[in-house]
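Please consult the sequence and the structure shown below alongside the text.

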Amino acid sequence: VRQYIDRMIEDSREGMKVLLMDKETISIVSMVYAQSEILQKEVYLFEKIDSTGRETMKHLKAICLLRPTPKTSTHSSKNFACRNTVSITCILLTS
């Protein structure tokens, strides 16, 4: 799992990043990374895909690590419709 996440981050290249996750993927990431480790890879913001009242940060590259559920699909389509970021990398994890 760690190598998979490393690859996602590397593929997004240099620059500040936000990692968008759902309830399940947050626990996966927290098992394989300490926050200080992932900060060293220029991931400065961690957000739940279903968070409300989030400020749009157009200067950040978005990396999405999500499970393909109806709830996640609804939240991601809302996020991507209003998000004009530098780039978006989206990975869907299946069971």
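In this predicted model, 34% of the 95 residues of the protein chain count as buried. The accessible surface of the chain comes to about 5,900 Å², and carbon and sulfur atoms contribute 52% of that surface.

**Overall organisation**

- The protein chain contains 4 helices and 4 strands.
- Their order along the sequence follows the pattern α-β-α-α-β-β-α-β.
- Among contacts in the protein chain with a separation of 6 or more, 84% are accounted for by residues 24 or more positions apart.

- Most residues other than glycine have a negative phi.
- Arg13, which is not a glycine, has a positive phi of about 70 degrees.
- This residue, Arg13, is located in the loop that lies between helix H1 (2-11) and strand E1 (17-21).
- Glu42 is a residue other than glycine with a positive phi as well, its value being near 65 degrees.
- The position of Glu42 is in the loop between helix H3 (35-39) and strand E2 (43-48).

**Exposure of these residues**

- Arg13 counts as exposed because its relative accessibility is 65%, and the cut-off for exposed is over 50%.
- Glu42 has a relative accessibility of 28% and therefore counts as partly exposed, a class that lies between the limits of under 20% for buried and over 50% for exposed.

Note on methods: Residues are numbered from 1 along each chain as its sequence is written. This is a predicted model: local features need pLDDT of at least 70, side-chain atom pairs count only at pLDDT 80 or more; totals for chains, interfaces and linings use all residues. Side-chain values use heavy atoms; hydrogens and water are left out. Helices (H or I, at least four residues) and strands (E, at least two) are DSSP runs, numbered from the N terminus. Buried means under 20% relative accessible area, exposed over 50%, partly exposed in between (1.4 Å probe, protein chains only). Contact means heavy atoms within 4.5 Å. Accessible areas come from the Shrake-Rupley method with a 1.4 Å probe; for residues, only the protein chains shown count as cover.
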